[in-house]
Amino acid sequence: MTSMIPSSHKPQFSEPSPTPNRMAFLVFSCPSCWTGQEQDVRRIIQALNECLAALPRQQLRKVCSIGVSGQMHGVMFWKTGQGCEWTEGGAAPVFEPRAVSQLVTWQDGRCSSKFLASLPQPESHLSVATGFGCATIFWLLKNSPESLKSYDVAGTIHDYVVAMLCGLTRPLMSDQNAASWGYFNTRRQSWNLEILRAAGFPVHLLPDIAEPGSVAGRTSRAWFEIPKGTPVGVALGDLQASVYSCMAQRTDAVLNISTSVQLVASMPSGFQPAQTPDPTAPVAYFPYFDRTYLAVAASLNGGNVLATFVRMLVQWMADLGLEVEESTVYSCMIQAAAQQRDTCLTITPTVLGERHLPDQLASVTRISSSDLSLGHVTRALCRGIIQNLHSMLPFQQLREWGVERVIGSGSALSRNEVLKQEVQRAFPFPVSYGQDVDAAVGAALVMLQRNFNQQES
């Protein structure tokens, strides 16, 4: 899904295709066009164009800045000067991808634990996991080197959009997205070039680094009705932009439960993480703004676990000759769990493993004949999701960091009263709901703050 808001086997790449003021803010993801763990860049940009075409033309003419955010870790490739073609899309100029690869997403699982262990140790406080841009490039270099020869630059999908809008010869990448790729030293603000070169890594693919919140360039053409010469911000990470949208105070922690789960707290100014990575550490420290860091416990197991459970129930009933809609099953199981306030059943819901424990599987323990109802199992599953996160970042640690409130958001949390109850049980802080975490809003606020600072100076 592409969002825009106005405000004051072995996967292989497909071959390249032959052929008053307002501000616009974009967030990119595209769950509808998944092919394995890759996405079709052309369909993502098509969705983006359709979103822009749906906006009032008179409002687009007033846009004075464009902020962009998107999912971190992923990587795509394109050919310099051939990454897109500008066409007249009906009554509006649009760009369409040309010499581009597929987007390999953050959920890509091709890099096994054995493969990751074979990679050189990064000079960074962040370890490298499957789905990280540099790990994916290493994998392609070893397993499909021919697929890289058609391209000479790389970036995230949102870096690509910024580069195409501004006509950049080389893409710019914020340290937020660079750190998410791995092999990036946040203190020095530079890639681990010597380490990568020694390993035969194609360092010419790496983007140049720019400060988050800075301007990457200006639109090289009119884009729909957005004027030529409109400033475009360096693409932000979706995590940082999302947190920026709702963290009113440094004493707030942000809990987002959607497909996956993130619990985020702001570290004090001057904090510096350890200089060497710890792959087994459940908490990572990601660059934020103004050289500060966010402490992030990011679980791979969230709403996707509940969705897997729903699909399993639907399939079981289909095997029994009954057809039931997934939405009906979900409603019934949450209602049953709401009536079952407690359970002795214990579910460890890590069906997807975790980045710090990639080989961990899910399990069910303390099974008794009295705890086998739908309510018991659903309650245990929701509790397991929260307890798994709590094991990664306990509330005692949050207290030591000065956290006084938790802001809860995300689609899986907002429509699940049982998850909300389990959050309250695990984290003895006031929990605030209703202020949705939105990366587009965060990108808006970052650019608005930049414009305000310029006016003040």
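**Notebook: burial, backbone and salt bridges**

**Entry 1. Helix α8.** I began with helix α8 (residues 238-246), where seven of the nine residues are buried, so the helix is largely enclosed by the rest of the structure. I take buried as under 20% relative accessible area, exposed as over 50% and partly exposed as in between, with a 1.4 Å probe and protein chains only. Helices (H or I, at least four residues) and strands (E, at least two) are DSSP runs, numbered from the N terminus. The buried residues of α8 are Leu239, Gln240, Ala241, Ser242, Val243, Ser245 and Cys246.

**Entry 2. Basis of the model.** I note that this is a predicted model, in which local features need pLDDT of at least 70 and side-chain atom pairs count only at pLDDT 80 or more, while totals for chains, interfaces and linings use all residues. Residues are numbered from 1 along each chain as its sequence is written, and side-chain values use heavy atoms, with hydrogens and water left out.

**Entry 3. Confidence.** I looked up pLDDT, the predictor's confidence in each residue, from 0 to 100. The chain has a mean pLDDT of 89, and 91% of its residues reach 70 or more. Over residues 1-21 the pLDDT stays under 50, and the model has 74 contacts beyond four places in sequence for this stretch. Residues 29-36 also have pLDDT below 50, with 17 contacts in the model beyond near neighbours in sequence. Contact here means heavy atoms within 4.5 Å.

Entry 4. I checked helix α11 (residues 374-392), which has 19 residues and reaches 27 Å from its first C-alpha to its last, close to the expected 27 Å. The expected span is 1.5 Å times one less than the number of residues. Because 15 of its 19 residues are buried, α11 is largely enclosed by the rest of the structure.

The loop between β23 (363-365) and α11 holds isoleucine 367, which is exposed at a relative accessible area of 54%. Val364, Ile367 and Leu372 form a nonpolar surface patch with about 290 Å² of accessible area together. Patches are made of residues with over 30% relative accessible area and no salt bridge, like charges being joined within 9 Å and nonpolar side chains (Val, Leu, Ile, Met, Phe, Trp, Tyr) within 5 Å. The areas come from the Shrake-Rupley method with a 1.4 Å probe; for residues, only the protein chains shown count as cover.

**Entry 5. Positive phi.** Most residues other than glycine have a negative phi. I found arginine 366 with a positive phi, near 55°. Arginine 366 lies in the loop between β23 and α11 and is exposed at 57% relative accessibility. Phenylalanine 224 likewise has a positive phi, about 50°. This residue is in the loop between β15 (215-218) and β16 (231-233) and is buried at 9% relative accessibility.

**Entry 6. Two buried residues.** I placed threonine 136 in helix α4 (residues 133-143), where it is buried at 0% relative accessibility. Beyond four places in sequence, threonine 136 contacts Val75, Val104, Cys111 and Gly131.

Leucine 206 is in the loop between α7 (193-198) and β14 (208-210) and is buried at 3% relative accessibility. Its contacts beyond four places in sequence include Cys134, Arg170, Trp181 and Trp191. The C-alpha atoms of leucine 206 and alanine 154 are 6.1 Å apart, although 52 residues separate them along the chain.

**Entry 7. Salt bridges.** I searched the whole structure and found 16 salt bridges. The criterion is a side-chain nitrogen of Lys or Arg within 4 Å of a carboxyl oxygen of Asp or Glu.

Glutamate 225 and arginine 57 pair at 2.6 Å, N to O. Glutamate 225 lies in the loop between β15 and β16 and arginine 57 in helix α2 (residues 57-60), so the pair ties together parts that are 168 residues apart in sequence. Glutamate 225 is buried at 18% relative accessibility, whereas arginine 57 is partly exposed at 42%.

Aspartate 252 and arginine 405 pair at 2.9 Å, N to O. They link strand β18 (residues 252-257) with strand β24 (residues 405-409), 153 residues apart. Aspartate 252 is buried at 3% relative accessibility, and arginine 405 is partly exposed at 28%. I also recorded one network, in which salt bridges that share partners join Asp342, Arg379, Arg383, Glu422 and Arg425.
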